[in-house]
Amino acid sequence: MPPETPEPVLTGLLTVDAIEGGLARVELEDGSVEDWPLASLPRGVQEGDVLRLHVEAGDLTVEIDHAATRERRHTAQAQLDALNVVPPAGEIDL
């Protein structure tokens with residue numbers, strides 16, 4: 001009898017783009033967007049949260065990755081701050 005091949009362990013990340021009603025619009029790692037039932041996500045999930053998926057032996061676990069969420073929000077705020085820099089007064093030399 002051949003040895004049993006262990007089932008692959010799958011992992012991935014999602015980003016919660018929006019929450020409306022009972023659905024959460026999530027962005028997958030490949031950039032595609034899907035609507036997932038809010039009830040299938042961790043309690044307290046918010047827009048902008050990064051979620052870590054783990055599938056093992058057919059069981060799906062979804063948890064909020066708080067460190068990745070903080071990093072994502074920090075990066076987004078830095079980009080917004082850079083866009084809002086006040087241009088220097090006076091004429092522009094070209």
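Glycine 31 takes a positive phi near 90° in the hairpin of strand 2 and strand 3, which has four residues between the strands. The model is predicted: local features need pLDDT of at least 70, side-chain atom pairs count only at pLDDT 80 or more, and totals for chains, interfaces and linings use all residues. Residues are numbered from 1 along each chain as its sequence is written, and side-chain values use heavy atoms, with hydrogens and water left out.

Strand 2 (residues 23-28) and strand 3 (residues 33-37) pair in the antiparallel sense over five bridges. Pairing requires at least two DSSP bridges between two strands. Strands (E, at least two residues) and helices (H or I, at least four) are DSSP runs, numbered from the N terminus. Valine 26 stands opposite glutamate 34 in strand 3.

Three salt bridges are present in the structure. A salt bridge places a side-chain nitrogen of Lys or Arg within 4 Å of a carboxyl oxygen of Asp or Glu. The side chains of arginine 25 and aspartate 35 meet in one of them (3.0 Å, N to O). Arginine 25 lies in strand 2 and aspartate 35 in strand 3, so this pair ties together parts that are 10 residues apart in sequence. Arginine 25 is partly exposed, at 38% relative accessible area. Aspartate 35 is also partly exposed, at 42%. Here buried means under 20% relative accessible area, exposed over 50%, and partly exposed in between (1.4 Å probe, protein chains only).

Aspartate 49 forms a salt bridge with arginine 73, with the closest N and O atoms 3.3 Å apart. This pair links distant parts of the chain, 24 residues apart: aspartate 49 is in the loop between strand 3 and strand 4, and arginine 73 is in helix 1 (residues 66-83). Aspartate 49 is buried at 5% relative accessibility, whereas arginine 73 is partly exposed at 38%.

Arginine 52 forms a salt bridge with aspartate 65, the closest N and O atoms being 2.6 Å apart. Arginine 52 lies in strand 4 and aspartate 65 in the loop between strand 5 and helix 1, so the pair ties together parts 13 residues apart in sequence. Arginine 52 is partly exposed at 35%. Aspartate 65 is buried at 14%.

Alanine 57 has a phi near 55°, a positive value in a residue other than glycine. Alanine 57 is found in the loop between strand 4 (50-56) and strand 5 (59-64). The relative accessible area of alanine 57 is 53%, which makes the residue exposed.
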